[in-house]
4 protein chains.
Amino acid sequence: MAGNSFGQLFRITTFGESHGTAIGVIIDGCPSNLTLDLDFIQSELDKRKPGQSKITTQRKESDTVQILSGVFEGKTTGTPIAMLIPNEDQRSKDYAHIKDAYRPSHADYTYDAKYGHRDHRGGGRSSARETAARVAAGAVAKLLLAHHGIEIFGHVSAVGTINAPQLAQISISELLEIRESNIVRCADPATANQMIELIDNIRLEGDTIGGKISCIVKNCPVGLGEPVFDKLHADLGKAMLSINAVHGFDYGSGFDGSEMRGSEHNDLFIPPAEGQKAQNFKTLTNFSGGIQGGISNGMDISFRVAFKPVATIMQSQPSLDSAGNSSNVQGKGRHDPCVVPRAVAIVEAMAALVLADHLLRDKVVRV
Amino acid sequence: MAGNSFGQLFRITTFGESHGTAIGVIIDGCPSNLTLDLDFIQSELDKRKPGQSKITTQRKESDTVQILSGVFEGKTTGTPIAMLIPNEDQRSKDYAHIKDAYRPSHADYTYDAKYGHRDHRGGGRSSARETAARVAAGAVAKLLLAHHGIEIFGHVSAVGTINAPQLAQISISELLEIRESNIVRCADPATANQMIELIDNIRLEGDTIGGKISCIVKNCPVGLGEPVFDKLHADLGKAMLSINAVHGFDYGSGFDGSEMRGSEHNDLFIPPAEGQKAQNFKTLTNFSGGIQGGISNGMDISFRVAFKPVATIMQSQPSLDSAGNSSNVQGKGRHDPCVVPRAVAIVEAMAALVLADHLLRDKVVRV
Amino acid sequence: MAGNSFGQLFRITTFGESHGTAIGVIIDGCPSNLTLDLDFIQSELDKRKPGQSKITTQRKESDTVQILSGVFEGKTTGTPIAMLIPNEDQRSKDYAHIKDAYRPSHADYTYDAKYGHRDHRGGGRSSARETAARVAAGAVAKLLLAHHGIEIFGHVSAVGTINAPQLAQISISELLEIRESNIVRCADPATANQMIELIDNIRLEGDTIGGKISCIVKNCPVGLGEPVFDKLHADLGKAMLSINAVHGFDYGSGFDGSEMRGSEHNDLFIPPAEGQKAQNFKTLTNFSGGIQGGISNGMDISFRVAFKPVATIMQSQPSLDSAGNSSNVQGKGRHDPCVVPRAVAIVEAMAALVLADHLLRDKVVRV
Amino acid sequence: MAGNSFGQLFRITTFGESHGTAIGVIIDGCPSNLTLDLDFIQSELDKRKPGQSKITTQRKESDTVQILSGVFEGKTTGTPIAMLIPNEDQRSKDYAHIKDAYRPSHADYTYDAKYGHRDHRGGGRSSARETAARVAAGAVAKLLLAHHGIEIFGHVSAVGTINAPQLAQISISELLEIRESNIVRCADPATANQMIELIDNIRLEGDTIGGKISCIVKNCPVGLGEPVFDKLHADLGKAMLSINAVHGFDYGSGFDGSEMRGSEHNDLFIPPAEGQKAQNFKTLTNFSGGIQGGISNGMDISFRVAFKPVATIMQSQPSLDSAGNSSNVQGKGRHDPCVVPRAVAIVEAMAALVLADHLLRDKVVRV
């Protein structure tokens with residue numbers, strides 16, 4: 001079974017190569033009667049698109065999305081929503097030098113070994129360009145979630161060893177405003193400046209750097225997640241790990257929590273005020289990250305995603321060709337010195353897809 | 001869609017509650033003609049079963065597995081393999097006190113909110129007892145993998161802040177021998193002693209502690225993993241995150257890799273010796289953790305799993321009942337002060353299930 | 001992907017061989033809070049069990065079902081429901097003569113060719129004994145449907161060339177009473193007598209005969225069915241065709257409808273009475289069989305299922321062994337001269353599973 | 001779970017409405033290294049396209065297919081193959097009169113009741129135009145099957161009560177030549193003439209007529225089909241029943257077989273000649289239709305598909321609008337008086353999709 005679909009009830013299938021005609025996605029299972037705000041979908045894509053700033057790749061793609069089906073008079077019809085994003089600025093000749101070369105820490109060798117035939121141009125299917133289709137689908141998922149009051153916010157919480165402080169306790173819209181005011185997409189302006197300086201220096205050295213994105217989900221209803229395998233955080237984890245360059249995921253207390261004791265880690269309940277419903281129990285702390293037993297508990301969901309440094313560097317590296325002969329490769333395409341600023345949109349999109357799917361899945365568990 | 005199945009081609013479905021009649025699993029998709037070594041399956045279950053040592057729960061379950069179908073004259077027939085593990089030592093009265101109480105950081109509240117009707121005895125379906133079924137199925141997966149020469153090894157690499165050193169470069173069988181020689185299942189004897197002492201002290205305090213398990217896969221063929229969503233590490237991550245108490249997963253360079261630069265992180269190829277096949281390219285370093293572009297590259301696969309401390313502590317904690325009234329709960333059942341020693345078998349089992357599934361999935365990708 | 005699961009949201013997985021320890025089924029996705037009437041489930045199994053009358057096989061199986069999980073205090077919990085039916089009266093020695101022989105028009109040869117290793121005893125997994133697990137699961141589905149007022153009724157409408165007249169326009173409970181008053185399970189007593197006489201004569205000749213089952217679904221809500229592939233009748237068709245010995249399926253006007261003209265075949269709407277809701281439009285005729293565009297339209301759903309004659313006859317037939325040598329086989333086990341009387345329960349069960357699944361699937365299509 | 005995907009390993013997802021921008025399909029799971037013959041794919045579409053002859057709808061669509069991804073240098077890469085067919089000749093104004101009217105025996109009412117919002121133009125998603133996407137995908141499946149020597153042939157075996165004789169025992173290529181020499185696509189020229197005359201007369205009356213398509217599969221290897229639910233004929237049945245206007249399916253002896261006795265119905269083996277392999281056992285008769293126990297046995301697979309008459313007639317019929325008010329509708333669009341001539345391509349395509357899927361599924365059942 002090939003792996004280009006994601007989700008069970010709100011299900012997407014993506015297609016397309018970096019230098020092919022187009023990339024795109026079909027959403028099957030989006031409920032009918034949802035108003036589709038095309039401007040919103042495009043604005044989400046704009047956050048991921050290349051060429052946004054000096055610290056992103058200079059490839060120029062407008063990433064203009066076309067909706068081919070599933071929408072009538074501005075609203076979804078319950079039939080499959082197909083979305084197409086034509087490729088515009090392919091410079092396939094930039095990749096002629098790697099036609100037969102396996103770039104270190106890329107997918108060239110493994111794709112060739114697996115499939116025996118590979119579109120090498122721009123990384124083909126293994127290019128992060130594929131994630132534009134996810135962002136388009138994720139924007140639709142966000143519209144469904146917004147209909148239920150659910151909000152998602154991600155930002156760059158680390159670049160290299162520069163870490164942002166905890167998020168300020170302000171609204172999502174305020175956080176968004178801060179985040180979008182700087183090109184690295186960090187919700188703390190001072191940290192953002194340090195991050196930008198670091199990335200810019202690394203770019204000038206022809207090198208790349210890793211980073212982390214932190215994400216929260218607000219107003220998630222109690223009850224999302226399907227034990228025992230499709231726990232909410234398990235599906236979030238898979239979603240994040242499926243993004244190019246991601247090497248780690250944790251939620252709530254995460255890796256740090258494994259060093260703690262139960263007596264300090266347990267999230268004690270806040271006794272509800274008079275008349276409060278049992279469905280809305282809150283906790284004093286939130287080491288659980290909003291998920292207990294794989295099911296959302298109504299507290300903020302929080303998780304982190306770790307990205308390795310981009311493999312394509314503008315320095316010469318020894319490599320091999322498919323026959324095993326030694327050669328040197330040096331990045332010639334247009335690449336990001338650090339992926340996390342553009343990946344914020346991808347992380348949010350994948351989170352939205354997971355939550356939309358589980359929102360639907362939860363509708364059928366009770367008689 | 002309920003979430004009690006895992007895998008696509010090598011697919012398991014588990015059932016059962018902690019204090020019900022039995023737990024069990026159906027494997028659908030195990031290839032025919034595989035010799036099933038029942039002793040091996042039982043020995044895997046023995047590594048997970050309760051009551052093994054002073055640092056595990058004292059519940060007594062023999063966890064004796066019965067095979068009901070799918071095997072004839074010692075070999076699989078290609079039909080579903082049903083395995084049953086009767087529950088023996090349920091002390092449901094230990095749980096009478098929590099019939100209406102929601103234990104902090106447990107799944108009591110979320111299950112009730114989601115389903116509206118819950119078997120509270122011993123945690124019901126949310127109990128880690130369910131993982132015995134995974135270990136039984138994972139043992140079958142291991143037999144399939146062994147048939148292809150693939151080996152999996154996990155061990156306790158951290159308890160609290162006590163961390164084990166890197167694995168010695170010795171064979172899996174030697175590592176296993178060391179690991180099984182100590183009750184905490186750490187591959188480094190000196191560290192094991194410290195870990196055991198820590199857990200024992202914490203147990204005496206009525207508290208619990210988190211930990212980490214590290215796992216490697218040796219001899220994995222090149223080519224396993226299905227881009228773009230079912231990347232090998234994404235499925236491994238989901239598998240691990242679906243285990244009770246897991247809060248984090250990373251692979252290869254993991255979270256640390258997000259602080260690195262591309263020039264140091266890239267795994268350079270070792271030029272193959274004369275006559276070596278292109279399918280067997282090796283790399284000098286292995287920050288990729290044996291997976292590139294979501295596809296195994298033939299190097300050792302390595303990943304880490306972070307476990308939070310067990311929520312049930314033998315100390316009185318404030319809690320709420322389902323009506324929102326305050327009460328106190330204190331662990332009365334038999335619980336583990338630290339889950340990682342028993343969870344090694346679960347981590348290995350889930351890894352085996354992922355690899356067996358991808359081994360089959362890879363069989364159909366080329367004409 | 002192995003094929004032992006059926007349904008998407010109300011999903012079953014069956015296991016077990018004819019002469020193994022037990023057969024059984026897991027239901028994953030049954031909503032919580034459904035009252036499970038065990039007596040009803042057992043009574044459904046009793047309609048399918050062997051040894052009911054002189055015109056069925058004389059194998060004695062009580063087919064007593066055990067529920068292992070998913071039910072607490074008489075109600076479903078939303079977790080997997082595992083049901084087990086132990087095998088009691090295996091006479092495996094009756095099958096020693098076919099260990100290496102391929103019985104004509106059986107699955108012996110194809111299973112061997114496909115899997116290379118086969119439990120030959122009693123037909124192993126290819127035995128219709130597997131359908132007992134379907135009937136158990138179907139009974140649970142029926143309870144869910146009954147909760148929504150949906151009723152299913154099947155009966156033997158043909159044995160050989162003896163055809164029953166159209167169903168009388170009486171209630172399902174009245175139809176059931178008539179059907180259960182005769183051992184062939186035909187809703188027309190006079191036809192039933194002819195059918196019984198025919199089957200009994202054929203049995204005495206050591207031969208077998210085919211037949212048809214007709215089924216209706218009453219009170220199905222408008223809107224079930226998922227275009228374009230999972231049309232309600234497409235899933236019903238697959239469900240029926242998956243039953244042993246079924247060679248044909250049609251619904252509504254069926255095969256006869258292919259000889260008609262549009263002007264006579266179209267089902268004209270009955271103008272609704274004052275105040276009637278648009279969701280309840282009825283039609284004058286029902287050539288559509290209650291399904292239009294793959295979606296139920298609120299009229300009675302009707303379909304037919306054609307069963308070939310049982311392959312095992314009590315006459316000597318030339319055969320081959322696995323090495324290709326000629327031999328003779330003659331039925332020695334205990335077999336049905338005609339399967340349709342016992343298959344009524346199976347047809348109803350499979351219909352219930354399809355409808356329960358689509359009832360849940362329909363819950364998520366609108367915002 | 002929405003229903004716009006078909007197949008497990010060779011899996012398609014279709015999208016698009018009759019009068020939208022385009023229709024299309026993604027194939028996920030087509031093996032790599034398959035040479036894609038675009039001319040062949042287009043020629044398959046040409047057999048289904050409208051406007052072919054006087055007995056088909058006069059809508060003009062070139063149905064020119066574009067491949068957007070998954071193919072590089074003429075061969076598949078193992079990544080998703082997206083195919084797009086732009087809509088060209090939408091006369092949506094032809095449908096203005098039915099914006100609020102529910103046409104009898106159409107899907108207007110059921111779509112509205114299910115989704116609450118509907119693209120009424122040309123029937124929207126319920127239009128048979130969607131099947132063009134299936135034919136495109138089926139053509140790729142046929143190329144995969146051809147690579148394994150498997151051939152599929154369907155033809156119009158009945159229009160109304162005019163039935164074609166059994167297929168002549170000639171090669172598939174000869175049958176194809178005869179079939180394509182007449183506009184009704186019947187493999188018997190004399191019968192074809194009668195059928196054409198009947199359809200033409202019915203067309204002049206503004207009426208429509210049903211018919212049947214018979215299909216055979218030659219050179220199918222032994223072993224395809226996945227018991228117990230995904231029997232080969234069960235998946236074929238679902239595939240056919242998912243085609244617009246299909247009301248019935250049978251295989252092998254089919255409905256007629258239900259009137260037969262076991263002693264005449266059993267397919268006796270032909271003793272293999274010296275040295276013939278056991279995998280290639282043949283039978284004297286083929287009432288089993290090439291499938292036993294749900295698994296192909298190497299004989300020709302044969303099945304029939306019954307189509308009801310097209311619901312759109314050029315005569316005035318009483319109808320209702322969505323508010324329940326009476327009105328009259330009369331077909332104004334361009335419609336087929338009989339669908340079977342164009343549906344031959346669809347039946348073959350769906351058969352090819354089922355076989356391609358099972359060809360892949362069979363690859364993983366043995367160690």
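This is a predicted model: local features need pLDDT of at least 70, side-chain atom pairs count only at pLDDT 80 or more; totals for chains, interfaces and linings use all residues.
Residues are numbered from 1 along each chain as its sequence is written, chains are lettered from A and ligands numbered from 1 in the order in which they are written, and side-chain values use heavy atoms, with hydrogens and water left out.

Of the contact residues of chain A, 100% recur in chain B, and the same surface serves both copies.

## The contact between chains B and C

The interface brings 43 residues of chain B into contact with 43 residues of chain C. Between chain B and chain C an area of about 3,400 Å² is buried, and carbon and sulfur atoms give 61% of that area. Buried area is the accessible area (1.4 Å probe) that two parts lose on being put together, summed over both. Leu68(B), Phe72(B) and His117(B) supply 20% of the area that chain B buries against chain C, more than any other three residues.

## Sheets of chain C

Strands (E, at least two residues) and helices (H or I, at least four) are DSSP runs numbered from the N terminus, and two strands pair if DSSP finds at least two bridges between them. An open sheet of five strands in chain C has the order S1-S2-S3-S7-S4, with antiparallel pairing. Strands S1 (5–6) and S4 (66–67) of chain C stand at its edges with a single partner strand each, so one side of each lacks a neighbour in the sheet. Within this sheet, S3 (residues 22–28) and S7 (residues 81–86) of chain C run antiparallel and are joined by six bridges. Ile26(C) has Ala82(C) in S7(C) as its bridge partner.

Another open sheet of chain C consists of three strands in the order S8-S18-S19, again with antiparallel pairing. Its edges are S8 (101–102) and S19 (326–329) of chain C; each has a single partner strand, so one side of each is left without a neighbour in the sheet. Two bridges pair S8(C) with S18 (residues 317–321) of chain C in the antiparallel sense, and Ala101(C) has Asp321(C) in S18(C) as its bridge partner.

## Helix packing in chain B

Helices H1 (residues 38–48) and H9 (residues 340–361) of chain B pack at an angle of about 135°, their axes 7 Å apart. Axes are lines fitted to C-alpha atoms, for helices over the stretch in contact, and angles run from 0 to 180 degrees between N-to-C directions. H1(B) is therefore oblique to H9(B); angles under 35 degrees count as roughly parallel, over 145 as roughly antiparallel, 65 to 115 as roughly perpendicular and the rest as oblique.

From H1(B), Glu44(B), Lys47(B) and Arg48(B) meet Arg342(B), Ala345(B), Ile346(B) and Glu348(B) of H9(B).

## Backbone features

In chain A, a cis peptide bond with omega of about 5° joins Pro227(A) and Val228(A). Val228(A) lies in the loop between strand S11 (211–218) and helix H6 (232–241) of chain A.

Technical notes: Contact means heavy atoms within 4.5 Å.
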